[in-house]
Amino acid sequence: MNLLDPTQITFSRSAEGELRLRLADGSVHAPVHCRRLFPLTDPGHYISVQRPDDKEQPEIGILKRLDDLSPDQRRHVTEDLQHQHFLPEITDIVDIVSLHGLDEWSVVTDRGPITFFVSGRKESMVVTPENLLLLTDIEKCRYRVTDYTTLTPRARLLLERTLP
Amino acid sequence: MERDKLPQPIAEAVAARYPDEPIRLAISSDIAHHGQYGTEWLVATGGHLLVFPGDSATATHDLALSDLEELKAVDTVGAGAVTVRTPSATYHVISYTEARSDDFHKVVDGIKALKEGEAVTEHHTVSDRKRCEQCGRAIPESMRACPHCLKRRQAVLRIFSFSRPYIWQIAAIFLISSLSTMAALLVPYMSKLFIDFVFRPDAESGTFPHGGWHLWCVAAIFVAYALQSFFSGWQERLSGVVGFKTVYDVRAAIYKRIQELSLTFFDKRHTGSIMARVNQDTGELQRLLVDFIPISLESLLSLVGVGILLFVVSWRLTLFVMLPIAGTILLLRLIVPVVRVFFHRYFHRRSRLSALVNDSLSGIRVVKSFGQETLEMDKFRRTSQVYRDAGIDLVRRWSIYHPLMHFTIMCGAVLVWLVGGRLVFRGTEAPGGLSIGDVVAYSGYLMMFYRPVFMLTRLAQMITNALTAADRVFDIIDTTPDIQDAPDAVAMPHIEGHIALDNVTFGYTRHQPVIKELTLDIPANSMIGLVGKSGAGKSTLINLMSRLYDVDSGALQVDGVDVRQIRQADLRRNIGVVLQETFLFTGSILQNISYAKPDATREEVIAAAISAHAHEFIISKVDGYDTLVGERGSRLSGGEKQRIAIARAILRNPRILILDEATSSVDVETEEKIQQALANLTRGRTTIAIAHRLATLRNCDQLVVIEDGEISEMGTHKELMQKEGAFSKLVQSQEAHSTIIAVEG
């Protein structure tokens with residue numbers, strides 16, 4: 001496992017928006033992408049930094065703690081993470097309407113409000129014992145609620161009426 | 001086309017900037033550049049690519065197509081982006097969610113075509129998201145009709161269309177229900193007769209002048225009860241028969257359609273959800289037809305009947321009694337949804353607990369060998385606690401709501417004695433005055449009135465459930481198979497076995513071709529070996545040859561005829577398949593071998609087994625050919641299963657044989673047997689083999705090395721080894737594998 005020393009590396013972004021990484025040995029990689037290794041259970045740790053152009057050895061290294069980076073550097077990484085992993089967190093449920101075996105969810109997420117359809121089947125709603133809820137809508141877009149018991153009572157009522 | 005939806009200001013801005021270049025492609029995204037949901041527009045003219053934020057006519061990107069070294073739609077997790085490479089950098093210009101992925105891939109292909117100076121075809125244009133004609137909402141891609149406006153009535157009518165053959169029985173059910181209700185209505189009236197007439201003593205003599213009627217009235221009550229029981233039993237029986245028959249017809253229709261559907265249908269759905277449709281959803285329909293419709297029919301009849309009688313006995317009293325009835329209905333409407341959530345939570349927790357127990361018990365060997373019993377116990381305790389608490393919560397609510405409801409209902413009875421009693425004091429002669437018998441009969445009718453009220457409040461929910469099930473069932477019945485016989489399909493009872501692929505391109509999802517413009521000629525009676533890494537496209541190629549899927553472009557011909565023009569039945573009859581995962585059905589060895597040819601004689605089966613070298617192990621089984629193979633052949637070893645599959649293919653005697661060789665290692669002796677069996681099988685047929693074993697590779701007339709959906713090398717084993725290309729590399733890396741060395745030795 002190649003852990004990256006946060007003090008020895010520098011992320012930068014080109015004018016067009018390409019993310020670049022300079023390593024301790026002075027080599028520069030571009031473009032690079034960041035992926036969380038534990039996107040659901042530990043988003044703040046273990047970020048894999050990759051160069052997609054290298055098919056044989058795409059991973060440059062692993063960044064252990066996001067907070068070890070300076071705020072400036074961290075912003076570059078989180079921006080890219082946001083782009084690489086689109087899994088909106090539902091913060092509130094406005095309504096769930098049942099229509100013909102589909103449930104129409106109107107929700108507020110950390111990426112803004114959205115309405116989508118979920119089929120009433122078990123595989124489209126996964127709940128873990130830790131109360132993590134993963135939803136897949138009928139167009140294969142995913143949404144999550146990290147701990148559904150922390151939602152407002154009203155949202156929880158709507159949700160629990162719909163759980164398979 | 002989505003181009004037509006482009007906001008006017010953006011269209012004008014593009015026209016102002018590039019007056020000579022008309023807009024050729026346009027598509028809207030659903031993620032804005034800051035990562036939030038929002039709209040941006042990607043617009044392509046003949047020479048430029050521009051990106052606009054949805055609400056502004058100021059372009060955020062403006063690139064000349066000639067400056068682009070590369071243009072790609074790159075899918076990330078849950079989303080994707082159009083990525084460009086210019087001489088200075090690689091970056092993304094517009095992002096979209098998974099839902100728009102297919103569309104963006106199409107448009108990017110279109111922009112690439114523009115860049116090459118080619119014309120934009122309909123493959124590159126994105127049809128506008130369909131919008132519902134009635135409500136204007138966007139219709140989700142995977143739906144055919146707007147879920148908001150789908151006509152419920154249609155689903156109901158369709159269920160009943162399945163009941164049409166039983167129309168006379170249904171009419172009889174209706175009639176018998178009415179008779180049963182009428183008999184039930186007689187009972188409270190008889191109690192009135194008892195009180196006001198039979199048991200009424202003569203004021204002067206103290207005797208019962210109408211005492212002679214006593215036995216007659218008892219007999220009437222007896223008959224009323226008997227008739228009611230008889231008719232309701234008869235009705236239950238009749239409607240059960242009609243319900244089961246209707247559901248049987250629906251189930252047969254859905255299963256027939258499932259068997260007809262192409263594999264693409266099964267790729268898109270989980271086996272579990274298809275099974276749920278056949279079992280659960282038709283079961284839901286059954287509940288509707290067998291249990292619910294008869295009950296609600298009866299409820300409706302008695303509601304009308306009792307309601308009329310309540311008014312007839314005393315409309316004044318009825319007006320008062322309506323109050324608690326309205327209260328009950330209101331309460332039901334308020335409480336039922338809440339209670340349902342608690343029930344739902346309770347059931348959900350219960351299924352979570354049983355899933356946990358199932359998981360842990362089926363992995364008990366792992367639990368034991370890692371010594372994690374305490375961990376499992378803790379997990380169980382936590383889940384079980386949550387389940388317990390949900391149960392307690394439910395009981396707490398129920399212990400409030402249930403008595404409350406009961407009390408509200410009983411308030412009606414109290415009112416009868418309060419208001420009815422006052423009316424009795426008026427005397428029967430006064431307007432609105434009641435006799436004691438009237439009040440007793442009235443109470444009886446009132447109690448009869450509540451049952452249908454309860455039933456009908458549940459009506460909406462039950463109908464919703466059943467209609468949802470009906471929709472899902474009809475969704476399958478209405479699906480048309482992707483692969484169908486062309487109307488002018490040719491009958492080809494005899495096939496030689498010459499296969500030709502001409503520029504074939506195919507992918508399971510449109511924007512990811514697995515086979516890329518592949519051309520290959522396989523002469524009749526020759527044996528071709530497909531070689532390559534996993535994921536290179538070998539299995540896909542044989543799926544195409546057996547026409548489990550149709551090619552996206554190019555042509556696949558058998559004996560010079562396009563497979564899409566050959567009658568499927570003829571094609572299938574001439575193709576035999578031995579798959580890597582040997583699938584045996586539950587049943588005997590005999591049944592499994594003769595699956596290829598159900599009318600085969602026992603001799604033919606034995607002959608096939610002998611040439612598949614399966615006979616020798618079958619005779620050592622206690623039950624010989626009648627040996628049961630267990631679920632999916634679990635009672636046989638891997639080598640035995642393979643040889644039964646080979647026997648099955650030999651019995652089929654196909655012109656074209658497709659062989660997906662198993663990689664599983666078996667002992668040397670079994671391996672030899674399988675090789676001999678395969679040699680018997682492939683003799684005198686066109687064979688396409690996905691080959692792993694060296695012995696098979698040597699026997700092939702021609703080896704085709706597939707890499708990334710394309711042919712990278714072709715030739716005999718010897719030629720390819722001398723060439724020292726991709727094939728010899730593959731062989732060398734496999735040579736280390738002990739089984740191959742064993743075969744060679």
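## A tour of chains A and B

Start by selecting residues 668-682 of chain B: this is helix H18, with 15 residues, and it reaches 21 Å from its first C-alpha to its last, close to the 21 Å expected at 1.5 Å a residue. The expected span is 1.5 Å times one less than the number of residues. Helices (H or I, at least four residues) and strands (E, at least two) are DSSP runs, numbered from the N terminus. You are looking at a predicted model, where local features need pLDDT of at least 70 and side-chain atom pairs count only at pLDDT 80 or more, while totals for chains, interfaces and linings use all residues. Residues are numbered from 1 along each chain as its sequence is written, and chains are lettered from A and ligands numbered from 1 in the order in which they are written.

Which residues of H18(B) are buried? Colour Lys673(B), Ile674(B), Ala677(B), Leu678(B) and Leu681(B). Seen down the helix axis, these buried residues fall within an arc of 135°, so they line one face of H18(B); the arc is that of the directions from the axis to the C-beta atoms. On the other side of H18(B), Val668(B) and Glu669(B) are exposed. Buried means 20 or more other C-beta atoms within 10 Å of a residue's own, exposed means 12 or fewer, and partly exposed lies in between, with C-beta atoms placed from the backbone. Just after the helix, Gly684(B) takes a positive phi of about 70°.

Next, go to the open sheet of three strands in chain B, ordered E5-E6-E7 with antiparallel pairing. Its edge strands, E5 (70-75) and E7 (90-97) of chain B, each pair on one side only. The twist averages 20° from one strand to the next. Select E6 (residues 79-85) of chain B to see six bridges to E5(B); strands pair if DSSP finds at least two bridges between them. Among the partners, Lys72(B) bridges to Thr83(B) in E6(B).

Now select Lys245(B), which sits in helix H5 (residues 214-260) of chain B. Lys245(B) is partly exposed, with 16 other C-beta atoms within 10 Å. Its C-alpha is 8.3 Å from that of Ser163(B), 82 residues apart along the chain.

Finish where the chains meet: the contact takes 31 residues from chain A and 34 residues from chain B. Residues are in contact if their C-beta atoms, placed from the backbone, lie within 7 Å. On the chain A side, select H1 (71-84), E9 (112-119) and H2 (153-162) of chain A, the elements that give two or more residues.

Definitions and conventions. Contact = placed C-beta atoms within 7 Å. Axes fitted to C-alpha atoms, helices over the stretch in contact; angles between N-to-C directions.
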